[in-house]
Amino acid sequence: MAVTRGFQGRRSTAESSQLPPGQYLTRDFPVLSAGPTPYTPLESWDFTVRGAVDTPVTWSWEEFRSLPAESFTVDIHCVTKWSKLDTSWRGVSVDALLGAASPRAEYVTAFCDGGYTTNLPVADLRGGQAWVVFEYDGNPLPPVHGGPARLLVPHLYFWKSAKWVRGLEIRADDEPGFWEMYGYHNYGDPWREQRYQGD
Amino acid sequence: MARTAIPGRLTWQQATVVETRFDTPQVKSIALTVPGWSGHRAGQHVDVRLTAPDGYQAERSYSIASAPEDGYVVLSVERLDDGEVSPFLVDELRTGDELELRGPVGGYFVWDEPLGGPLFLVAGGSGLAPLRAMMRHHRATRSEVPVRALCSARSLEALLYREELMELAACDPFDISITLTRVQPSAWRGYRRRIDSDLLAEVAWPPADRSLTYICGPTAFVETAAAGLVGLGHDPARIRTERFGGTGVQP
């Protein structure tokens, strides 16, 4: 470890202990997207669980919004180094969505308006660890942050929390998603600092 | 979509400052030598790590502002007044100092010849850095892909790489438009307002040309530019964006 001449840094607050390695705290909510923000009207929005499942299921916006929802507060960690603590969301647990379709395989590709994809193990979406959220901080999720609905998997780097998500495809093979194909880590655990391939 | 393999783990590498230069009162370009640097593609970024005497470390990501052909890795860092890292890099770091780099990172917001064009590059403020890497790479490889660029800055003093942009503007494949949104010199002949749909319609390629567009800047700027182009009929799949900052001011 090489000391950088003259650098002292700002060892901040007690909150820093809640940060994974290499992350810094931010109070605003940065936006990172690979392309233009899609604006899908709610009447043409639906959410699908398909692929290796017993029963493919599709919900319209109205049907999706009538599913039991929960409010929760979590920390989020972006691979570009910022973390944001105590963010409040409301959404449908992915347990409920998977339960309706009964997956028969171990991997998921989340697919989205705009063509974005990301891959995860099914196990990481189960057990109250993941949601499809439609409210942030008490308000409808703004399009720039992934509205009308985004995946939220707070225990992984935030690129796994796909914006503008439209469904989950269950697969037997672990197919790398968008950033995973461009050199980012396949799994993305912030506490093990799995930012890039090989980390 | 081609799979881009990055072999092995990206390791931290020692980099040495060989030159620093203020591009604007807020932005300093830092040229670094990195022994054993594997090279990069225009538009990629690096992670920077600073270490205090007691072992405390801070990491940030910065776009590379130099072309792969340039020999140095150049980072153009904007001083964020409440920042922890950028005021150090802009005001303290000097020639001969060392810091650690990891990269290059990112394979989507990049341009090289096989991706073709015509190119439309749209920059807000210091978002010009990775687009400058693309333009330098374009020149270094004598590409004939036609380029239109739109650079937005608050004033001429706040515009990065001014002389270089003027030189580029004189080159045949480049058509460079500049808008100064707050303060303009008295004889200014460029645009004088924030980007909007009309300005984009004047400056961008016609949608039928299926240009490949790269937009970089603060979120509000990128949203306006990307949504404006989609509204004009550009294919969203041909628009690549990179955003920085949170609720930052629009240049």
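This is a predicted model: local features need pLDDT of at least 70, side-chain atom pairs count only at pLDDT 80 or more; totals for chains, interfaces and linings use all residues.
Which residues in α2(B) meet which residues in α3(B)?

## Helix packing in chain B

On the α2(B) side, the contact is made by B:Leu128, B:Arg132, B:Met135, B:Arg136 and B:Arg139. Their counterparts in α3(B) are B:Glu164, B:Leu165, B:Glu167 and B:Leu168. By residue class, this contact comprises five charged and four nonpolar residues, with no polar ones.

Helix α2 spans residues 128-140 of chain B and helix α3 spans residues 162-169 of chain B; their axes come within 12 Å and cross at roughly 40 degrees. Because of this angle, α2(B) is oblique to α3(B). The handedness of the crossing between α2(B) and α3(B) is left-handed.

## Annotated domain in chain B

An unreviewed UniProt entry carries the annotation "domain: FAD-binding FR-type" for residues 10-111 of chain B.

## Interface between chains A and B

Chain A contributes 41 residues to the contact, and chain B contributes 52 residues. Together, chain A and chain B bury about 3900 Å², of which 53% lies on carbon and sulfur atoms.

Within chain A, the residues that lose the most area to chain B are A:Arg5, A:Phe7 and A:Tyr182. Together, A:Arg5, A:Phe7 and A:Tyr182 supply 19% of what the chain A side buries.

Definitions and conventions
Residues are numbered from 1 along each chain as its sequence is written. Chains are lettered from A and ligands numbered from 1 in the order in which they are written. Side-chain values use heavy atoms; hydrogens and water are left out. Axes are lines fitted to C-alpha atoms, for helices over the stretch in contact, and angles run from 0 to 180 degrees between N-to-C directions. Helices (H or I, at least four residues) and strands (E, at least two) are DSSP runs, numbered from the N terminus. Angles under 35 degrees count as roughly parallel, over 145 as roughly antiparallel, 65 to 115 as roughly perpendicular and the rest as oblique. A crossing is left-handed if the near helix is turned anticlockwise from the far one by less than a right angle, and right-handed if clockwise. Contact means heavy atoms within 4.5 Å. Ala, Val, Leu, Ile, Met, Phe, Trp, Tyr, Cys and Pro count as nonpolar, Asp, Glu, Lys and Arg as charged, and the others, Gly among them, as polar. UniProt positions are given in the numbering used here, feature names are shortened, and annotations may be inferred rather than shown by experiment. Buried area is the accessible area (1.4 Å probe) that two parts lose on being put together, summed over both.
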